[in-house]
Amino acid sequence: MGQKPPKDPAALRRMEEDARQFIWHPFTQMAEWEKERPLIIDRGKGVYLYDIHGKRYLDGVSSVWVNLHGHRKAALDRAVKDQINRIAHSTLLGLANIPAVRLAKKLIRAAPPGLAKVFFSDNGSTAMEAALKIAFQYWRHRGKSRKTKFVSLVNAYHGDTIGSVSLGGIELFHDCYAPLRFPTHKVGAPYCYRCFLNKTYPECRLACAEEVEKVLTRHHDGIAAVVVEPMIQGAAGMLTWPSGYLRRIRDLASRYGVLLIADEVFTGFGRTGTMFACEHEGVSPDLMAVAKGLTGGYLPLAATLATQEIYEAFLGEYREFKTFFHGHSYTGNQLGCAAALANLEIFEKENVLEKLRPKIEAMIRFLKPLKDYSHVGEIRQIGLIAAVELVRDRVTKEPYPLEARMGYRAAREALKRGMIIRPLGNVVPLIPPLSVTIPQLKKMASILGESIRAVTEV
Ligand SMILES: *Cc1c(COP(=O)(O)O)cnc(C)c1O
């Protein structure tokens, strides 16, 4: 059953050779990768991944932020198997399907109030791309075709398509594509440990939000939307926001007549302790993108949620050409929707959010001792997302140079100790599946601590 790894050592070696020869890995320096022995995953169970040699690893970053209930979750397995016995895929271009209908209804019930329609796609970048195009086109339909620009934040990550990259604010990933990017209003983002205004929370009274206001005051006539990753900028290094900032951005967007697009691709589905990060501040965005955890980490599926008002701006006679001319081949894929539906049912049936609370508390406790390590600058956490920022000098906060690859080295140490994590520059994250148990969390935190010590205290 399935694709078992070959049994004899020669065949296993050949598989490793083939891994080097045929795959080009994302966000990976392949020259380096080719020199190392490739880690090939064979199977998973709960918070564990197993390689082709049978070696077990803790999945310390939820397979890069997607997995929620662990691997081989029975209810998810069953949902996909049951669906495949009916149909794997039919197009959503003008045709509905059962799991897509059920999922859309359930998603809207779970989402912040005001969101009323679900536009499906298949990954986070495309969900954001759709949000951008909808926001842009919405204003055209409203007769305000000058509103074409976006406000996005420094350190933002919204995906890898050109629209998402245009909104992005991470030098290392995005600057190379400068000639391809459309211009946006880039505003400094909250990152209290290294405040770009050199202020301290809460005495600053969220001066960083005033930067957004300045742009909106001057340019709102030309602005379609403000785009944010609510509560935490993930890819930039798990930069958590001071409380009140998101609420302020929502209020500013409303006051200046621009839309608010919330990118909940990473934060959605319990990761921050609430179903969606926007709930932390009682915020309802006008457009919201979800992906990663939508299927519990099983299948590529994404969605852009929109308010009724936005949706209605696209209605009209065909000859008015107000249609949203956008869609992907696998939009609304039944297998993905069946998994997503089962995912949302698990939240209800198993009280996933309730059960998170003690885990979140435990995580804070387990990570606390790391604060005293000589090269730990800051530990950040929201919900079950934690990250440790390594610094060369704790007093001056001088960062390690990127070339020193401290995060990468810590991750290598973690691998030796049986945990897979993926660093973000000098930041070492710990993002376990929500199903993690407290003893497993303790183990993860202790491996994290040992790995950090192994590379910083030499
Ligand atoms: C991962 C991510 C994306 C992109 O999603 P993909 O499915 O990888 O295209 C967009 N926004 C945020 C906040 C993300 O973390």
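Author: Before we start, buried here means under 20% relative accessible area, and please keep in mind that this is a predicted model.

Reader: Okay, with that cut-off, how many residues of β10 are buried?
Author: Strand β10, which spans residues 259-263, is mostly covered, with five of its five residues counted as buried.

Reader: And which way do they point from β10?
Author: Leu259, Ile261 and Asp263 point one way, while Leu260 and Ala262 point the other way, and all are buried. In a regular strand the side chains alternate between the two faces of the sheet.

Reader: Which strand do the four bridges join to β10?
Author: That is β7, residues 223-228, and β7 and β10 run parallel; within this pairing, Val227 has Ile261 of β10 as its bridge partner.

Reader: What about β11, how many bridges there?
Author: Three bridges link β10 with β11 (residues 287-290), again in the parallel sense, and the partner of Asp263 in β11 is Ala289.

Reader: Switching to the packing: which residues touch the most other members of the largest nonpolar core?
Author: That core has 104 residues, and those touching the most other members are Leu103, Leu216, Met238, Tyr245, Phe269 and Leu448. The core draws at least three residues from each of domain 1 (39-72 + 352-456) and domain 2 (77-349). Apart from it lies another core, of 26 residues, which includes Phe150, Val227, Leu287 and Ala302.

Reader: Back to Leu103, what is it in contact with?
Author: Setting aside neighbours within four places in sequence, Leu103 is in contact with Phe120, Leu301, Cys337, Ala340, Leu341 and Leu344.

Definitions and conventions: Residues numbered from 1 in each chain as written. Predicted model: local features only at pLDDT ≥ 70, side-chain atom pairs only at ≥ 80, totals over all residues. Heavy atoms only, no water. Buried < 20%, exposed > 50% of the residue type's maximum accessible area, 1.4 Å probe, protein only. Helix = DSSP H or I, 4+ residues; strand = E, 2+ residues; numbered from the N terminus. Pairing = 2+ DSSP bridges. Core = buried A, V, L, I, M, F, W, Y, C linked by side-chain atoms within 4.5 Å. Domains from an automatic or database assignment. Contact = heavy atoms within 4.5 Å.
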